[in-house]
Structure formats: C-alpha cells, structure tokens
Amino acid sequence: MDSATESQDLLDHSATFAAMTEATPLDWQIVAAHNRAFADDVAGRVLDHLRLLDGDCGGFAVDRLEHSVQTATRAFRANKSDEYVVCALLHDIGDTLGSYNHQDIAAAILKPFVSEDHLWMVEKHAIFQGYNFFHHLGLDRDMRDQFVGHRAYDLTVEFCQEFDQAAFDPSYDSMSLLEFVPAVEALFAEPKNSIYLTEDGQMAGATEPPD
Ligand SMILES: [Fe+2]
Ligand SMILES: [Fe+2]
C-alpha cells in the first residue's frame, strides 16, 4: 500500500479505545492521521476567528478587524518580513476570548510558528502599548520599563509606536484581509516548535515520507 492509500485508509477509521490506557499503536496512527488532516487547515480556522473581530469597535473609531488589518498593512508597507506582518495581523486575535489577557491568546496561537523575538513582541505588546494610554486610566504607562535591556525591547517599542498605536485611523487605505491570506497560510504550514515534533522536525505519527 502506498503512503497516500495508507493515509486515506487511516482516515477511514476511528480509534476504538474508550480510555487512553487501552490504546494500541494503530489507534494512535489513526488519530495522528486525522490530526494531520485537521492541522492542514489551521490557517483557515485562524482567519475565521480573526473575522470575528469584524464590526466590534469597542469604542474605537475603527472595528477590531480594521485595526488588525491596518496594523498589518502599516508593517507591510514598512517592508517588514512576512512573519512580522502576520504577527501584526493576529496580535489582537484574542480580543474575543481574552478580555483580560488578549496578548496571551495571540502568542499561544503563534508560538509554534514564529521566532522567539516575534513571539515576545506579540506576548508583551499589551504592556508596551500601555505607554500610549495607561496614564489616562490611572495605570503606569512605564510598565514596559521592567523589560529594559531585553533583546526584543526595541523591536516591541517599534511595533507599538510605529504600527499598533497608529492603526485606528478610519481614513487609512488598508489592504484587504485577502491579500494577507497567502502569508498566513505559509506561516501556519510548518510548525517549528511543538512538543508533538520528533527530533527530525516531523509531526509525531507522520506516515508520509519527508520531502
Ligand atoms: Fe493588543
Ligand atoms: Fe492592537
């Protein structure tokens, strides 16, 4: 049986165990095959979730989807890398679920796919963005100072000051979300960091030979 036929055969079956302690290697080959197929469209699901920000202004002059696309557009037009631009596009994707820690949700989604510095930038952007408004709400705008000297400090200052804080302009000529889809799909195609990767960088349970 060739690998494509074998893979389809696994997809045509379900594991039979009722408790993980009863599982067989074949059960896990079946689950891994299904997981690979599901993971292939993680980019599509991320984009669907990003679209939930459409129409949600939260008191700002633009909705959260326009803010996201505008942040990404500004980064793109400043010739930032595709990875950076996708981080810019997704940095507030957690707004729907993480009312008190939206930055952690974006970081968790991006963590398998981006560099340590870009991950840190996304994870810390809420604190660094606070420089632009925390003092209006009785908070410490210099909260970011605790990270002075960190390797990604300047990177994160630049992200917030050049792109994120500036992306609330209703008159800005933002690109279409569709223009970012290829970069999102490319980024989410290959995880770099995951507990489910084997030593040679393949998803555990992969039956397809590496390219
Ligand atoms: Fe944010
Ligand atoms: Fe933002």
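**Reading the packing of helices**

Guide: Let us begin with a single residue. Setting aside residues up to four places away in sequence, Phe128 touches Arg144, Thr156, Val157 and Cys160; two residues are in contact if their C-beta atoms, placed from the backbone, lie within 7 Å. This is a predicted model, in which local features need pLDDT of at least 70 and side-chain atom pairs count only at pLDDT 80 or more, while totals for chains, interfaces and linings use all residues. Residues are numbered from 1 along each chain as its sequence is written, and chains are lettered from A and ligands numbered from 1 in the order in which they are written.

Visitor: Is Phe128 buried or exposed?

Guide: A residue is buried if 20 or more other C-beta atoms lie within 10 Å of its own, exposed if 12 or fewer, and partly exposed in between, with C-beta atoms placed from the backbone. Phe128 counts as buried because it has 23 C-beta neighbours inside 10 Å. Phe128 belongs to helix H7. The C-alpha atoms of Phe128 and Phe159 are separated by 9.0 Å, although these residues are 31 apart along the chain.

Visitor: How many helices and strands are there in the chain?

Guide: Helices (H or I, at least four residues) and strands (E, at least two) are DSSP runs, numbered from the N terminus. The chain has nine helices and zero strands. Its C-alpha trace spans about 65 × 35 × 35 Å along the principal axes. Of the 211 residues in the chain, 29% are buried. Among contacts between residues at least 6 apart in sequence, 55% join residues at least 24 apart.

Visitor: How does one describe two helices that pack together?

Guide: Two packed helices are described by the angle between their axes and the distance between the axes. Axes are lines fitted to C-alpha atoms, for helices over the stretch in contact, and angles run from 0 to 180 degrees between N-to-C directions. Helix H7 (residues 116-129) packs with helix H8 (residues 153-164) at an angle of about 60°, their axes being 8 Å apart. H7 and H8 are therefore oblique to each other; angles under 35 degrees count as roughly parallel, over 145 as roughly antiparallel, 65 to 115 as roughly perpendicular and the rest as oblique.

Visitor: Which residues of H7 and H8 meet?

Guide: From H7, Asp117, Trp120, Met121, Lys124, His125, Phe128 and Gln129 meet Leu155, Thr156, Val157, Phe159, Cys160 and Asp164 of H8. By class, this contact of H7 with H8 has seven nonpolar, three polar and three charged residues. Here Ala, Val, Leu, Ile, Met, Phe, Trp, Tyr, Cys and Pro count as nonpolar, Asp, Glu, Lys and Arg as charged, and the others, Gly among them, as polar.

Visitor: Where on H8 do its buried residues fall?

Guide: An α-helix has 3.6 residues a turn, so residues three or four places apart point the same way. In H8, the buried residues are Thr156, Phe159, Cys160, Phe163 and Asp164. Seen down the axis of H8, they fall within an arc of 115°, so they line one face of the helix; the arc is that of the directions from the helix axis to the C-beta atoms. They pack against helix H4 (64-77), helix H5 (82-90) and H7.

Visitor: At what angle do H4 and H5 pack?

Guide: H4 and H5 pack at an angle of about 160°, with axes 7 Å apart. That makes H4 roughly antiparallel to H5. In this contact, Ser68, Val69, Thr71, Ala72, Ala75 and Phe76 of H4 meet Tyr84, Val85, Ala88 and Leu89 of H5. Eight of the contact residues are nonpolar, two are polar and none is charged.

Visitor: What does Val85 touch?

Guide: Val85 lies in helix H5 and counts as buried, with 25 C-beta neighbours inside 10 Å. Not counting residues up to four places away in sequence, Val85 touches Ala72, Ala75, Phe76, Lys80, Phe180 and Ala183.

Visitor: Where is Asn79, and is it buried or exposed?

Guide: Asn79 is in the loop between H4 and H5. With 8 C-beta neighbours inside 10 Å, Asn79 counts as exposed. Phi of Asn79 is near 65°, a positive value in a residue other than glycine.
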